[in-house]
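I opened this entry to keep track of what I looked up, one topic at a time. The sequence and the model come first, then my notes.

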Amino acid sequence: MNKRKSFLEKLRLSSNAVDTDSDEYKRLSIVKDVMLRYYEIYDIDQGTIHTKIFTMLYLSPKHYTYKEVSEAMNISKNTLVRYVEKYDETALKIIKRLNL
């Protein structure tokens, strides 16, 4: 389950993009910023760790495996997979809502 084939995997890869002027890069950058702020607020309100997980998976320059993330955050791999699916759904909702 270390290979992530999701919309947000593009987000992680876009941080290494050379063409920072492209529309795709700008769109993913907006999604990243909105999601990061959303999960920061959500974590404060609910007492969760989604910001740390999201950061490790998609914003960190190091590519963490699901095993590394689940061990670092003390959650099961199955829980992490559910979170990743939720993050992907949230990203797509943001794109739809903001017409990106």
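**Overall fold**

I counted five helices and zero strands in the chain. The model is a predicted one, so I read every value below as computed from it. Along the sequence the pattern reads α-α-α-α-α. I looked up how much of the chain is buried: 37% of the 100 residues. The accessible surface comes to about 6,500 Å², and 51% of that belongs to carbon and sulfur atoms. I then checked contacts with a separation of 6 or more; residues 24 or more positions apart account for 56% of them.

**Core**

Which residues touch the most other members of the largest nonpolar core? I found M35, I53, L57, L80 and Y87, in a core of 21 residues. Helix 2 (23-46), helix 3, helix 4 and helix 5 each supply at least two residues of this core. Helix 5 gives the most, with seven residues. I noted the general rule beside this: in soluble globular proteins, nonpolar side chains tend to be buried together.

Leaving out residues up to four places away in sequence, I53 touches V69, M73, I75, L80, Y83 and Y87.

**Helix 4**

**N74**

Just after helix 4 I stopped at N74, where phi is positive, at about 60 degrees. This is a positive value in a residue other than glycine. N74 lies in the loop between helix 4 and helix 5. Is N74 buried or exposed? N74 counts as exposed because its relative accessibility is 70%, and the cut-off for exposed is over 50%.

**Salt bridges**

How many salt bridges does the structure hold? I found three. The general idea is that side chains of opposite charge can pair when their charged atoms come close.

- K32 and D33 meet through their side chains at 3.8 Å, N to O. K32 is partly exposed at 26% relative accessible area, and D33 is partly exposed at 37%.
- R37 and E40 meet at 2.9 Å, N to O. Both lie in helix 2, three residues apart, which is about one turn of the helix. R37 is partly exposed at 47%, and E40 is partly exposed at 30%.
- K62 pairs with E68, with the closest N and O atoms 3.5 Å apart. K62 is partly exposed at 40%, and E68 is partly exposed at 32%.

**Nonpolar surface patch**

I30, V34, L98 and L100 make a nonpolar surface patch of about 280 Å². I followed up on L98, which lies in helix 5 (residues 77-98).

Notes: Residues are numbered from 1 along each chain as its sequence is written. This is a predicted model: local features need pLDDT of at least 70, side-chain atom pairs count only at pLDDT 80 or more; totals for chains, interfaces and linings use all residues. Side-chain values use heavy atoms; hydrogens and water are left out. Patches are made of residues with over 30% relative accessible area and no salt bridge: like charges are joined within 9 Å, nonpolar side chains (Val, Leu, Ile, Met, Phe, Trp, Tyr) within 5 Å. Accessible areas come from the Shrake-Rupley method with a 1.4 Å probe; for residues, only the protein chains shown count as cover. A salt bridge is a side-chain nitrogen of Lys or Arg within 4 Å of a carboxyl oxygen of Asp or Glu. Helices (H or I, at least four residues) and strands (E, at least two) are DSSP runs, numbered from the N terminus. Buried means under 20% relative accessible area, exposed over 50%, partly exposed in between (1.4 Å probe, protein chains only). Contact means heavy atoms within 4.5 Å. A nonpolar core is a set of buried Ala, Val, Leu, Ile, Met, Phe, Trp, Tyr and Cys residues joined through side-chain atoms within 4.5 Å.
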